[in-house]
Amino acid sequence: MNWAEAPRFSVHKPEIAFARALRVLALASSFFVALSILGCERRADPAPAPQLPALEYADAWGARGKDPGQLESPVGIAADGYGNVFVVDAATLSVNKFSAKGEPLLSFGYAALTHPEGIAVDRGGGIYVSVGSRVLVFWPEGDFLRSTNGGPRALLREASGIAVSDAGDFYVVDRAACRVEAFGWRNRYLRFLRVWGKCGSDDGEFIAPSGVAVGRDGSVFVADAGGARVQEFSSDGAFVASFGQAPRPDAADTRRAAHNQTIVAAVAVSPRNVFSAGDAASPLRAWSLDGKEIPLDSDVLQAAHLTPDFHAAALAYDFHSGDLLLLDAHACRVLRIHLHL
């Protein structure tokens, strides 16, 4: 018999067919369950988180008075690498050191600390205070160290804001002379380095300079209270850019023509942004480093309950926390602002 040509028969036992049917049903059920789970997972995707504001008021501390931890006429603010906050007071003629939460840590005075205007702290903890026609330098514990002497080209007339670079050089705004003067440490002595600026409204000129800040790359930013702008310079004094717009009057008296302009009294710089502070009408402004102004909510400081008499005496960036510190001169307090930029 030729088995290749013989007919073949397929015999299915009932139990075998039933088992196969069960397997098919099980596979189909698994398939539909998987689809259901995937569908549920898609439906359960969390909604995108709400976008945080560019600037967010965090808290405030400080009160008017002469007791330890209180302020009477604060004019300058700075932060060190550990988040401690330094405030110089023109009424008590003192330098006051606080923790990040506002707890008093140190307070000291000095005979020559007669008309303080600004304060800065270097990477080693040294404290710099601009006073009238010079800068006083103190050890971190408050002991006096050095004072600038200036020279024919470096004689400060009315020192205002002050800032220290990572390299240890410091820059002082001379409000009366409409210029910036740079000093540095050379062989343990303070030396005059350079000066730039003059009165006017063109690039590189000032109407009423008040504050100064230094970026991590050494760039120098100067707030011009009369010019309603912040100007950026290289560490050598070369003009780089302008943030905001200065008035360009035809009259010779640019100070009078700048009346009613937006106040830009103080400046601070972070690794990514430039900030200015002024009065209650324009308490804060922000720009990217390439000069684009960042829109801020009009009520960014609503929770701080600013009074109509609000005036920003100074502004500082805290590299330790990444926060902005705003000195409210009228209320004698420090406002802390979180950045989401």
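Which cluster do ring pairs link together here? Select Tyr171, Trp196, Phe206, Phe233 and Phe239: ring pairs join these residues into a cluster. Rings of Phe, Tyr and Trp (its six-membered ring) count as a pair if their centres lie within 6.5 Å; planes under 30 degrees apart are stacked, over 60 edge-to-face, and the rest tilted. By this rule there are 15 aromatic pairs.

Some ground rules before the next stop. This is a predicted model, where local features need pLDDT of at least 70 and side-chain atom pairs count only at pLDDT 80 or more, while totals for chains, interfaces and linings use all residues. Residues are numbered from 1 along each chain as its sequence is written, and side-chain values use heavy atoms, with hydrogens and water left out.

Now pick Phe183 and Phe192. Their ring centres are 6.0 Å apart and the planes sit at 70°, so this pair is edge-to-face. Colour by accessibility (buried means under 20% relative accessible area, exposed over 50%, partly exposed in between, with a 1.4 Å probe and protein chains only): Phe183 is buried at 1%, whereas Phe192 is partly exposed at 24%.

Next, switch to cartoon. The protein chain has two helices and 23 strands, taken as DSSP runs numbered from the N terminus (helices are H or I, at least four residues; strands are E, at least two). Strands S10, S11, S12 and S13 form an open antiparallel sheet in that order; two strands pair if DSSP finds at least two bridges between them. S10 (159–164) and S13 (189–196) are the edges, each with a single partner strand, so one side of each has no neighbour in the sheet. Zoom in on S10 and S11 (residues 170–174): four bridges pair them in the antiparallel sense, and Ala159 stands opposite Asp174 in S11.

Move on to S18 (residues 266–269). What covers its faces? A hairpin of three residues leads from S18 to S19, and four bridges join S18 antiparallel to S19 (residues 273–277). Look for Val267 there: Ser276 is its bridge partner in S19.

Arg216 lies over the face of Phe319, 3.9 Å from the ring centre; a charge sits over a ring if NZ of Lys or CZ of Arg is within 6 Å of the ring centre and within 35 degrees of the ring normal.

Finally, zoom out: buried residues make up 47% of the 341 in the protein chain.
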